[in-house]
Each structure stands twice: as structure tokens, then as C-alpha cells.
Amino acid sequence: MLAKISWLGRAVCAAVVCAVLVAGTSVHADVTWSGDIDPADPTTWDSSTDGYIGKSSNGTLNISAGSAVSSNKGYIGYVNGSGEVTVDGAGSTWTNSDGLYVSFYYSDGTLNITGGGEVTVQNDTWVSYGSGSSGTIHFDNGTLTTGGLLCGSEDLTGTGTINTNGLVSDVDLVFDSTHGLNQTFTIDDNPGQSIAVNLDVDGCGAMGAGFSGAGTMTISDGMVVDSTDGYIGYKSGSTGVVTVDGSDSTWTNSGTLAVGAYGAGTLNISGGAANSSSGYIGRYFGSTGVVTVDGAGSTWTNAGDLYVGDEGSGTLNITAGGEVSSSSGYIGYAWTGEVTVDGSASTWTNNGDLYVGGSSYGTKNITGGNVVRGLLKLGDDGTLSLSSGQVTVDSLDNTAGGTFNFTGGAMPVNGGTFKPGTNDFRLDGSGNPTLVLDGSTWTNSGNTY
């Protein structure tokens, strides 16, 4: 089973043109309909027709076996109505020369695109437009080509759902829309399928969950999702949870990934992979972010820098063989950050330097994991705790007087300087701490024990 989505240019939809309601049940070749349909015979519609399925009561439309229906605007569930449209089978098409609304004000609407059916919308497709609306699009080997896939309308709320089998959308839908919708997305059941969200107009092309309300997104069963930027918990007060689960399941952002932009964000990677140009956990003031990379094969790769607690509060857990990589790392950059690397195969690799604390509070706990970097620098409010595992550095600089707890594990220092702090330094602990200086210089202003 495959499903795909492509995009056309976006345009502003015109006003709704109402038509006379005619209800009934009819069959015309492989286009069948029943109930509240306006105009009454969809086979007579053309690119100038505004078609209603469920205008004020219940209505259904089925397009199958290579049949075609055309309209200007399509409404599936209008005010106080309930509508369902199914476009099923190879060659079966529904073409809208303007826009498509799946539930419009105080209505229920469902669109099923299955078995190779195709729906084309020249302008925007809206899922749940207006107060009291509830819209669903279900994909099972279907194609939607649309100018934009949106949810909700300005200052109005509804409930929108994507019923999986391989659809992802632009920022407005994925983020529970910009207007407070609660959304749940599951992208699964199609191993190896690749889905691209590549618009970059007015923020479109971004992915995530929790824009101004609550949202969840799951990428599993080998799904591959590509987008521009990723946001989890975007606006203040929002909450978002994204899970990337299972081998080959991948979420790639060509731009940044912010877990907790202004709101609260959670990213769980278990067996899957996330990629981004740079990463932020707790990006702006008032935000909170938690990322857990757990288990062998679980990875988060940043081509650029990774901030754990940028202007917000951030937590990064790398456990049971999870792997994180970045250019340089910042823990507690302007607020609070905490990183735990636990498990013998768990690794955080920085090609550049790592800064713990500085202008804010940063903590790093190493328990059996491995951390590799160039310079590791502690701020006066930074804490580094190494009880097992290994931290490999070119240099350690704790001249600002942060807290350095070295009670076990190993720290190789390769060719640079080892400056453990302004106070006395103790190399002692139940975990048999081992310091290896390879062509390096050791300097500390206090005593050494």
C-alpha cells in the first residue's frame, strides 16, 4: 500500500456559491450517490460547479472503476450536514478547479482516496473549516494533489484527522493548525515509502506536532518523511509529541529541528532516525523540550550545532546504545540544560566543541556511555559527572570553576590541555576513574589528590 501527496501553487479561495438542494439516490455508470447531493447529479458537474455532498443532511458520493467527476469547489459536509466521498481504483478521479472543504462549519466530512484513486485540487484543501467541524481524510494507495493542505480557519476551531497509510502535510495541518486544533497523525504501514513535504511558502513544508494546541505524530514501520523545518510544541501553551519508531523509520529536516520552540515538546526515537541541520531542545524563553534517543539503531544526526536548553529548558537522554551527533554542543546555553549518556554503546559525538553551562545552568551525566568532542568547556554553573563510560576530549577547560565529578570511567585527553578547575582536584572513586593524558598538559590552581 502506498499513498502520496504532491503540491500545486496556492491561491485564495473565492466565496461560497450555494445551489438548490436535491436529495435522492442515483447510479450513473461507476459514479454512485445517495442522500443530500447538490446539484443532484454529480455526473453533470463541471469545472464551474460548486458541489455539495451532505449539504444540510446526510450524503454520499462514490467514484470508482476509472470514472471521473469535476467541480469548481467541493464541500464534503456543509453546515449541519454530513458527507462522505470515496474515490477508489486506478483511473478514478475527482478534479476541483478551485478548493476542497472536508467538513465546513458544524458538519462531519470524510474523504477516502483508495486503490489508486486520485483527487486534484487546484487551490487549497481544508480539513475541518470552522467551528463545530470534524473532517477526516483516509488514504490507502491514494493520491492527493493540492495547492495546500490546511486545517481550521482564523480564530475558529474544529477537529481534523489524517487516517494514515501514508499522508503527511504542511505546517498548518501537522501543527494542529495555526488555530488551536488538536491533531493526531500516524504515518505507518508502508515500509520504505518516502514522503516529501517541500514547500517553503509562509512556513509551509515544516513538520511537527503541537502548534498552538496539542498534537502528536508517529512515524513508524519504515516510513521516510522529508520536510524543511521541524517544530514540536511551537506556540506558548502548546504541547507536541513526536515518535520515530522502528528500523528505517526516518524523519529528515533540511533545516532546524526545535523540540520545544515556545511550548512543550517531546521527541522519542526508538530504533528510528532523525536528521536536521541543527537541533534545539528548549529553544525560546518559556519553552521546555525533552529528547530521548533509546536503543541500538536509534540516531539523531545534526549537521550543525545542538543546543540543549538554548533560551528554554532542555533535556537530552541517550540510552541503551542510542547515538547523537552534532558539530558543536551547548548544554544550558542561556537557560537550563541536562544531558544523560547511559549505557556502554550510547554515544554523543561532537566534531567541534562542547560547552556545559556558561551564561546559564548546564549538567552532563555520563554513566557507561561515550562522549567524543574537541574542547569541553564548563561554565561556572556547569556540572560534568563521569561515573562510568568514557569522555574523549582534545582539551578540558574548567577554569571558570564549574563542578567536575570524576568518580569512575575514563577520560582520555588528546594533545591539548587538562584544566580541571580552580579548586582542589580529586581523582578518586569507586568506579576507578582513569585519566589518560596523551601529549597533553595538566594545569590546575588548587591541590591534586
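The largest pocket in this predicted model has a volume of about 240 Å³. Of the 15 residues lining that pocket, the ones closest to its centre are Phe404, Pro420, Asp424, Phe425 and Arg426. Sort the lining by class and you get eight polar residues, four nonpolar and three charged.

Now let's move to the strands. E6 (residues 68-71) runs parallel to E9 (residues 93-96), and the two pair over four bridges. If you want a spot to look at, take Ser70, whose bridge partner in E9 is Thr95. E9 also pairs with E12 (residues 118-129), again in the parallel sense and over four bridges.

Next, have a look at strand E11 (residues 108-114), which holds Thr110. Is Thr110 buried, partly exposed or exposed? Its relative accessibility is 24%, so it counts as partly exposed, given that buried means under 20% and exposed over 50%. Setting aside neighbours within four places in sequence, Thr110 is in contact with Ile76, Gly83, Glu84, Val85, Val102 and Thr136. Thr86 is 24 residues from Thr110 in sequence, while their C-alpha atoms are 8.4 Å apart.

On to the aromatics: the whole structure has 26 aromatic pairs. One of them is Tyr75 with Tyr101, and this pair counts as stacked because the ring centres are 4.9 Å apart and the planes meet at 5°, where stacked calls for planes under 30 degrees apart. Tyr75 sits in strand E7 (residues 74-76) and Tyr101 in strand E10 (residues 100-104), so the pair ties together parts that are 26 residues apart in sequence. How accessible are the two partners? Tyr75 is buried, at a relative accessible area of 0%, and Tyr101 counts as buried too, at 5% relative accessibility.

Tyr234 and Tyr262 make an edge-to-face pair, with 5.9 Å from centre to centre and 85° between the planes. Both of these tyrosines are in loops: Tyr234 in the one between strands E21 (230-232) and E22 (239-245), Tyr262 in the one between strands E24 (256-259) and E25 (264-270), so this pair ties together parts 28 residues apart in sequence. Tyr234 is partly exposed, with a relative accessible area of 24%, and Tyr262 is partly exposed as well, at 36%.

Finally, back to Tyr75 and Tyr101: which aromatic cluster do they belong to? They form one cluster together with Tyr52, Tyr78, Phe104, Tyr105, Trp126 and Tyr129.

How values were computed: Residues are numbered from 1 along each chain as its sequence is written. This is a predicted model: local features need pLDDT of at least 70, side-chain atom pairs count only at pLDDT 80 or more; totals for chains, interfaces and linings use all residues. Side-chain values use heavy atoms; hydrogens and water are left out. Two strands pair if DSSP finds at least two bridges between them. Buried means under 20% relative accessible area, exposed over 50%, partly exposed in between (1.4 Å probe, protein chains only). Contact means heavy atoms within 4.5 Å. On a 1 Å grid over the protein atoms alone, a cavity is a set of points where a 1.4 Å probe fits but cannot get out, and a pocket is an open set with protein on both sides within 12 Å along at least five of seven lines; lining residues have an atom within 4 Å of a point. Grid points are joined across faces, edges and corners, and a volume is the space filled by probe spheres set on the points. Ala, Val, Leu, Ile, Met, Phe, Trp, Tyr, Cys and Pro count as nonpolar, Asp, Glu, Lys and Arg as charged, and the others, Gly among them, as polar. Rings of Phe, Tyr and Trp (its six-membered ring) pair if their centres lie within 6.5 Å; planes under 30 degrees apart count as stacked, over 60 as edge-to-face and the rest as tilted.
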